[in-house]
Amino acid sequence: MVIYGVALLAGCMLAGLIIGDVLGQLLGIDANLGGVGIAMLLLIFVTGYLKDRGKLPETTESGINFWNAMYIPIVVAMAASQNVAAAFSGGMVAILAGVLAVVLGLALVPVLTGKKVDDASPLESAPTTPSGH
Amino acid sequence: MNDSIVSLVDKYHLIAAFAVVGLTMYVAYWLSRHLTAGRLHGSAIAIIIGLALAYVGGVSTGGSKGLSDVTLFSGLGLMGGGMLRDLAIIATAYGVRFQEIKKAGLRGVIALFLGVLVSFVAGAVVAIGFGYTDPVDITTIAAGAVTYIVGPVTGATLGASSEVIALSIAAGLVKSILTMIATPLTARLIGLDNPRSAMIFGGLIGTTSGVAAGLAATDARLVPYGAMTATFYTGLGILLAPTVLFLAVRAIF
């Protein structure tokens, strides 16, 4: 049933948030420390475990996939309900932060790629074997 | 007649928000296809429209919650609020396989951690340069430079103001859009023509829509390799930014 998927998602979220809350209290910070991230890890492990055992039917999956697909629309709604008018004057911070992050990221690509070897040789022709994606 | 329609839409505000956002998405993807030939991803345009609407809403009402301060659009606040947002973000982790990261290898993992760290530090430096001194504000803007999701999630858990959260979304959006535009232009310069550099690129930049659109404009065959590492980026950012990275910022300031 679809609700099983939604409930599984909700359960992972609650568990993650509780762990994040406890972590915050342990460290004496009035914030949820990484609750969303922990919930994501929980979801990956729990669904992976269930799927390997064939206990994750398609209808259950669709309950999770619906919220997965709602992600960008929800982000749009979130963007539309922020205090953008007040943030407008500080817009340069956002532009510079974004630009600097991209410039540094791009500059590091050749550094990490290193010397050209087999898998780092240019794709000249279309790949002969499907990559599996 | 008009009054009754307004009160009806107000009563069913969440439903109205679904319709409004759906329409926004349609317009955004239409613009992406016809005006930018797909170079600028529809999702980025949709978020720009969202921020623009929030600006209009804020200016016209004088409120602090963007377009959701307009009675007709109050449902946007619920739809884009912390509860549903976190649920949807967690759902995006579904289907992520850790086996994939093995394919990316050690370089891919290093690229991921370095990518989150470098973007975060870049954002933090800029925030400090602009005179922000509160560790929560600095962390939120820095997290925004990671991605436009890591920013608001971090800001919400740390209790940042909506204004700072808006800035963090904007920073992530600038990053995403610039990636879409700059990737094909700099691809040759940075050796972005093979699977390995594409995986490293995905890990270093990470903003999923930017990486996918940027690689597609460079060489569509590289997209799956970039996506392989980029998939983990936002999740890693959400895990690190409000925790280790925030504690680090707080220790310094």
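Helices here are DSSP runs of H or I with at least four residues, and strands are runs of E with at least two, numbered from the N terminus.

The model is predicted, so I kept in mind that local features need pLDDT of at least 70 and side-chain atom pairs 80 or more, while totals for chains, interfaces and linings use all residues. Residues are numbered from 1 along each chain, with chains lettered from A in the order in which they are written.

I then checked the geometry: the axes of helix 7 (residues 135-146) and helix 9 (residues 162-186) of chain B come within 7 Å and cross at roughly 25°, the axes being lines fitted to C-alpha atoms over the stretch in contact, with angles from 0 to 180 degrees between N-to-C directions. The two helices are therefore roughly parallel, a term for angles under 35 degrees.

Turning to the chain pair, I found that the contact takes 91 residues from chain B and 66 residues from chain A, where contact means C-beta atoms, placed from the backbone, within 7 Å. Helix 9 of chain B gives the most to the side of chain B that touches chain A, with 15 residues.

For chain B as a whole I noted 12 helices and 0 strands, and a box of roughly 65 × 45 × 30 Å filled by its C-alpha atoms along the principal axes.

Technical notes
Angles under 35 degrees count as roughly parallel, over 145 as roughly antiparallel, 65 to 115 as roughly perpendicular and the rest as oblique. Two residues are in contact if their C-beta atoms, placed from the backbone, lie within 7 Å.
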